[in-house]
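Please look through the sequence and the model below before reading on.

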Protein chains: 2
Amino acid sequence: MVEHAQEALFRPVRAGNAFEETVERLMQSIRLGVVAPGERLPSERELATRLGVSRVTVREAIRTLQENNYVESRRGRYGGTFVNQEIPKSAPGKEFGDIHDALTLRKVLETGAAEAAAGRSLGPSERRGLRTRLEEASTASLAEYRRKDSRLHLAIAEATGSASLTAAVAEARMRANELLDHIPLLEPNLAHSNAQHERIITSILDGDPASARQAMAEHLDGTASLLRGFLV
Amino acid sequence: MVEHAQEALFRPVRAGNAFEETVERLMQSIRLGVVAPGERLPSERELATRLGVSRVTVREAIRTLQENNYVESRRGRYGGTFVNQEIPKSAPGKEFGDIHDALTLRKVLETGAAEAAAGRSLGPSERRGLRTRLEEASTASLAEYRRKDSRLHLAIAEATGSASLTAAVAEARMRANELLDHIPLLEPNLAHSNAQHERIITSILDGDPASARQAMAEHLDGTASLLRGFLV
DNA sequence: CGCCAATGGCTCGCAGACATACCTTTGGAG
DNA sequence: CTCCAAAGGTATGTCTGCGAGCCATTGGCG
């Protein structure tokens, strides 16, 4: 029996209970900017259906987000649950033992996604979407940068046409961002990042997989080394 | 709000109930050859702990595997649950709509893993492990090839030192294998595969990331095009 | 030969999650 | 001004899964 492979296959079947998982998902969609401040989450009933949990569980999760000032709910038609303008910083802490784990997975998924996206023939709406996200990220302020950045990277993953790859990228980004939240974001980094984004998107739109991969790798290595520098 | 990214983030929080997930994991470990025919699974109590489910649930899952002739259980000390010599073929069917999804994810993860593994400085036991798996795969019969092949690929993922990457590769391989099970495995393919394995492992042991990635990409493209040819 | 440790086999009560139904609030349409 | 659709808020009974404990079986060790 292969001893080490067991660790991967016999890991826990579920990360937490239904409630915790639901909170996690909703927080992800907010932190990654999929639902921006001021915007409305899908209705409780719709979330329950899409997340595959009961409405009770969705409500408990939303109540937790309310208590932590992530969202506010309004009743009545045209009501709903809205993302607050200011959302709390993520709690510090975390085990630093799995930095390698998180960064390795992120690099594999994101460089792979960039390459795969460049290798596909993209439709007009996809090309437009990528340009829009690029533009949004490049004009973002420091405060909203992390969110716009994530939206751009998620758009790249979506451009692969693989839903499970997109989900995996979202997950990996979330883990990486939890670490990145502990280091300062500076204007020079931001400018550098934008230049790299430009290269990545251009390569994808030009259909140059090797170049897209290369550009993404350099982009990620930048933040990765920044992170290691701050934490070690 | 980014509409498409929602699909990834608001997907169901759990793939199935605890029982179904547990059956899935145990079947994976058997089908991927992590626990070979004749070998013993960990005890029910240990599985319950590691999988994070109750022993009752583990037992129900094992009973399902028994009923489908995957395993047999023996009581008493030095008893346990043993994998049968002949395990059933996986049921056909499946949606073919997500072939692209499955193959895209697999390629991204496995080429990334090969590259990452080649980029690390591996310890003696890891190097030995890789050579052993390579040897096992190269001398495998047609019947046991798929299993030995998976073990080799999992060993490569493990060599990245990232547990979550290993888990993701296992998952992706499982999905791809479900598709590959429907096409015949021929001697010439096998010989070709072994040559490619040799290149991959050599590149990893030599610490040549680019070459490892390249070799893995060609290896996977071979089976991918074979699959598309048979199914389209 | 007898003990006993480790395994699978079994049962019962509790807590979490669920489906379902109904209530309350709100603001636009008619 | 009234109505009502759509959203959040609440309550209840059911069922799944869990924890914990005990039983039955087996084979090695003393």
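**Reading the protein around its DNA**

The residues of the surface near DNA strand D divide into five nonpolar, nine polar and 12 charged, where Ala, Val, Leu, Ile, Met, Phe, Trp, Tyr, Cys and Pro count as nonpolar, Asp, Glu, Lys and Arg as charged, and the others, Gly among them, as polar. This is a predicted model, in which local features need pLDDT of at least 70 and side-chain atom pairs count only at pLDDT 80 or more, while totals for chains, interfaces and linings use all residues. Residues are numbered from 1 along each chain as its sequence is written, chains are lettered from A and ligands numbered from 1 in the order in which they are written, and side-chain values use heavy atoms, with hydrogens and water left out.

Around DNA strand D there are 26 residues, of which Arg55(A), Arg59(A), Arg75(A), Thr57(B) and Arg75(B) come nearest; a residue is near a molecule or strand if one of its heavy atoms lies within 4 Å of it. Of the atoms of DNA strand D that come within 4 Å of the protein, 70% are accounted for by sugar and phosphate. An N or O atom in the side chain of Arg55(A) is 2.7 Å from a base nitrogen of DNA strand D, whereas the side chain of Arg59(A) has an N or O atom 2.5 Å from a phosphate oxygen of DNA strand D.

DNA strand C has 25 residues around it, and those that come nearest are Asn17(A), Thr57(A), Arg75(A), Arg55(B) and Arg59(B). Sugar or phosphate makes up 65% of the atoms of DNA strand C within 4 Å of the protein, and the rest belong to bases. From chain B, a polar side-chain atom of Arg55(B) lies 2.6 Å from a base nitrogen of DNA strand C. From chain A, a polar backbone atom of Ala18(A) is 3.2 Å from a phosphate oxygen of DNA strand C, and a polar backbone atom of Gly76(A) is 3.3 Å from a base oxygen of DNA strand C. By class, the surface near DNA strand C has six nonpolar, nine polar and 10 charged residues.

Finally, the two chains meet through 60 residues of chain B in contact with 60 residues of chain A, contact meaning heavy atoms within 4.5 Å. Chain B and chain A bury about 5,000 Å² between them, 60% of it on carbon and sulfur atoms, buried area being the accessible area (1.4 Å probe) that two parts lose on being put together, summed over both. In chain B, the residues that lose the most area to chain A are Leu9(B), Phe10(B) and Val13(B), together 16% of what that side buries.

Conventions. A polar contact is a pair of N or O atoms within 3.5 Å; within protein, one must be able to donate a hydrogen and the other to accept it, and residues adjacent in sequence count only if both atoms are side-chain atoms.
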